[in-house]
Amino acid sequence: MDLAIPDDDENVYNEDNEEYTLFIIDTETTGQNGLSIFHPNNQILQIVCYNVASLEIYSQICNPGENLYITPENTNIHKIGRSIIDTYGIPLRDCLTNLLAFVTRRANGKKVVMVAHSAPFDYFMILKSLTEELQMDLGINETNHQWLWF
């Protein structure tokens, strides 16, 4: 899977571009400040993805597992606590599988442009969660997916 952040001068999207499909994406996380983004305690709690062309939204609370700690600071920001995760969360693997299905169906064979408030952070949070095993299970490879992040 090619999840790329293009150069600043690379103009890949405009309204008339038939090669790309535009999405806006955001993640909410446990907020383990001070830890590496790849630390196992930094986890995705929610994924929201908006397809600009169809005006459709994918929004899902994710349950990354039992050893979950959400900082009080982040709970105050996004209002997602343990009770919300336990009530509405689905396994993180299923959140990602559903996200990829949502994007793939709406991209309709076009390349994907992802716009995010904090693209490097959201990019790495999703990338670290898309293990090689999950990529293989979903049939993701460099020839059938290309997401550009802004």
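What does arginine 106 pair with? Its partner in a salt bridge is glutamate 56, and the closest N and O atoms of the two are 3.1 Å apart. Arginine 106 belongs to helix α3 and glutamate 56 to strand β4, so this pair ties together parts that lie 50 residues apart in sequence. Glutamate 56 is partly exposed, with a relative accessible area of 32%. In general, side chains of opposite charge can pair when their charged atoms come close.

The structure holds three salt bridges, so let us visit the others. In one of them, the side chains of lysine 111 and glutamate 19 meet, at 3.5 Å from N to O. This pair links distant parts of the chain: lysine 111 is in strand β6, while glutamate 19 is in the loop between β1 and β2, 92 residues away. Lysine 111 counts as partly exposed at 29% relative accessibility, and glutamate 19 counts as partly exposed at 43%.

Another salt bridge brings together the side chains of arginine 82 and aspartate 86, at 2.9 Å from N to O. Here both partners sit in helix α2 (residues 82-88), four residues apart, which is about one turn of the helix. Arginine 82 is partly exposed, with a relative accessible area of 30%.

Now step back to see the whole chain. The protein has five helices and seven strands, and reading along the sequence gives the pattern β-β-β-β-α-α-β-α-β-α-α-β. Of its 150 residues, 41% count as buried. Among the contacts with a separation of 6 or more, 72% come from residues 24 or more positions apart. The protein exposes about 8,500 Å², and carbon and sulfur atoms supply 49% of that area.

Next, look inside. Which residues touch the most other members of the largest nonpolar core? In this core of 22 residues, they are Ile25, Ile47, Cys49, Leu99 and Val103. The elements giving two or more residues to this core are β2 (20-29), β3 (44-51), β4, α3 (92-107), β6 (111-116) and α4 (119-129). Helix α3 gives the most, with eight residues. A second, separate core has six residues, including Leu45, Ile61, Ile80 and Ile85.

Cysteine 62 lies in strand β4 and cysteine 95 in helix α3, so the link ties together parts that are 33 residues apart in sequence. The angle about the S-S bond is -120°, and the link is left-handed. Cysteine 62 and cysteine 95 are both buried.

One more stop is tyrosine 123, in helix α4. Tyrosine 123 is buried, with a relative accessible area of 11%. Between tyrosine 123 and leucine 148 there are 25 residues of separation in sequence, and their C-alpha atoms are 9.8 Å apart in space.

Finally, how far can you trust each part? The mean pLDDT of the protein is 79, and 72% of its residues reach 70 or more. Where is confidence lowest, and where is it highest? Strand β1 (residues 2-4) has the lowest mean, at 46, and strand β4 (residues 56-63) has the highest, at 96. Over residues 1-5, pLDDT stays under 50, although the model has 24 contacts beyond four places in sequence for them. Where pLDDT is low, the predicted coordinates should not be read in detail.

Technical notes. Residues numbered from 1 in each chain as written. Predicted model: local features only at pLDDT ≥ 70, side-chain atom pairs only at ≥ 80, totals over all residues. Heavy atoms only, no water. pLDDT = per-residue confidence, 0-100. Contact = heavy atoms within 4.5 Å. Core = buried A, V, L, I, M, F, W, Y, C linked by side-chain atoms within 4.5 Å. Buried < 20%, exposed > 50% of the residue type's maximum accessible area, 1.4 Å probe, protein only. Disulfide = S-S within 2.5 Å. Salt bridge = Lys/Arg side-chain N within 4 Å of Asp/Glu carboxyl O. Areas by Shrake-Rupley, 256 points an atom, 1.4 Å probe, with all protein chains shown as cover.
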